[in-house]
Amino acid sequence: MDSHLIESNYDLKVSDMRLLEEHFGTEIYLIEAGAQKYIVKAMPLYFENVENEGFITEYLSGRFHKVARLIKSRDGSYVIRTPKFQFTVQEYIEGKTLPVNSAPKWFLEKSAEFLGKTTRDLQNYGTLSLRFGRDFFAADTAIRKKQQYVSELEQAKESGNRKIAPIWEEQIRHLERISEFKIDTDKLTYANSHGDFPIGQVIVKDYDITVIDWSSACRLPVCLDVITSYVFASPNCGEGAVDAEGLNGYIQAYMRHFPLREYDIKAMPYVLYFWHCVCNYRPDELAGIAENYRPIALLVQKLLNWLYVHVEELSEALEL
């Protein structure tokens, strides 16, 4: 990625450019152009529908939601594609992100209300792509994943890599546990939502918040966005245990703006547990995770072990 490529497509004169982070094939840069700063995100070409983030953030910004908007290029596009990669330029938001499980009380309330308001307003946007539908929450999904892990566990043992075996075995136990769940997707509320709302997607400044990275926006069970955002933000969940009292308060703040059914609330812990089991880092990936993602990976492992024992108890303690 170089500044000439940006300048040839945008009305910007880049005076400084530096790499902020790399993850999963994506590079994120901070650039300075005159008195302004911008974020440039370079992504593999196989990332689909990247321009959707531009349309969604423009739509939400027009309805007074604080989001990081994408900047249009000279030809009016939100994404520039080259033979090797694609990239976007977006607003730079002054402020900071909070570490995992460090949110103060005011942040938790604003986070829940922000999520509820945007989910409400996105219902008039048009239907986004579906994620985590009926097939995802089927027992067969967990069984197939378990079979894959059993095979890879045997390969690890045969290659002499026995140190990692307990981690594979732990993941297999979780997959056996969730394969018994009966999640009725017909009873879950599916709606357009952010789709990936942990604490690291929120910029904080002066007791106010701006939400970034709408690339995962989709139609999904909204209860998943609600409980995920709470678990990664609340200090009470730092050791993987989910406190029902705090989560109930978070749910109520969300529901001031978007309704949930009783089934959404009761199924919430099962949906979270199932999702993390199937979409978690592979056991052989855990050691190589980038430093800034390590707190999330460690929390997920603690969360899975806690839910293995307490998922029914948490569901019973949640209220409409």
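Phe132 is buried, with a relative accessible area of 10% (buried means under 20%, for a 1.4 Å probe and protein chains only). Welcome to this predicted model, where local features need pLDDT of at least 70, side-chain atom pairs count only at pLDDT 80 or more, and totals for chains, interfaces and linings use all residues. Residues are numbered from 1 along each chain as its sequence is written, and side-chain values use heavy atoms, leaving out hydrogens and water.

**Aromatic pairs**

- The whole structure holds 18 aromatic pairs, meaning rings of Phe, Tyr or Trp (its six-membered ring) with centres within 6.5 Å.
- Phe132 and Trp275 pair edge-to-face, because their ring planes meet at 75° with the centres 6.2 Å apart (edge-to-face needs planes over 60 degrees apart).
- This pair joins distant parts of the chain, 143 residues apart: Phe132 lies in the loop between H3 and helix H4 (139–158), and Trp275 in helix H8 (residues 262–279).
- Trp275 also counts as buried, at 16% relative accessibility.
- Phe136 and Phe137 make another edge-to-face pair, 4.9 Å centre to centre and 90° between the planes; both residues are buried.
- Ring pairs link Phe132, Phe136, Phe137, Phe274 and Trp275 into a cluster.

**Charges over rings**

- The charged end of Arg63 sits over the ring of Tyr59, 3.7 Å from its centre (for Arg, CZ must be within 6 Å of the ring centre and within 35 degrees of the ring normal).
- Likewise, the charged end of Arg177 sits over the ring of Tyr308, 5.6 Å from its centre.

Key. Phe/Tyr/Trp six-rings, centres within 6.5 Å; stacked < 30°, edge-to-face > 60°. Helix = DSSP H or I, 4+ residues; strand = E, 2+ residues; numbered from the N terminus. Buried < 20%, exposed > 50% of the residue type's maximum accessible area, 1.4 Å probe, protein only.
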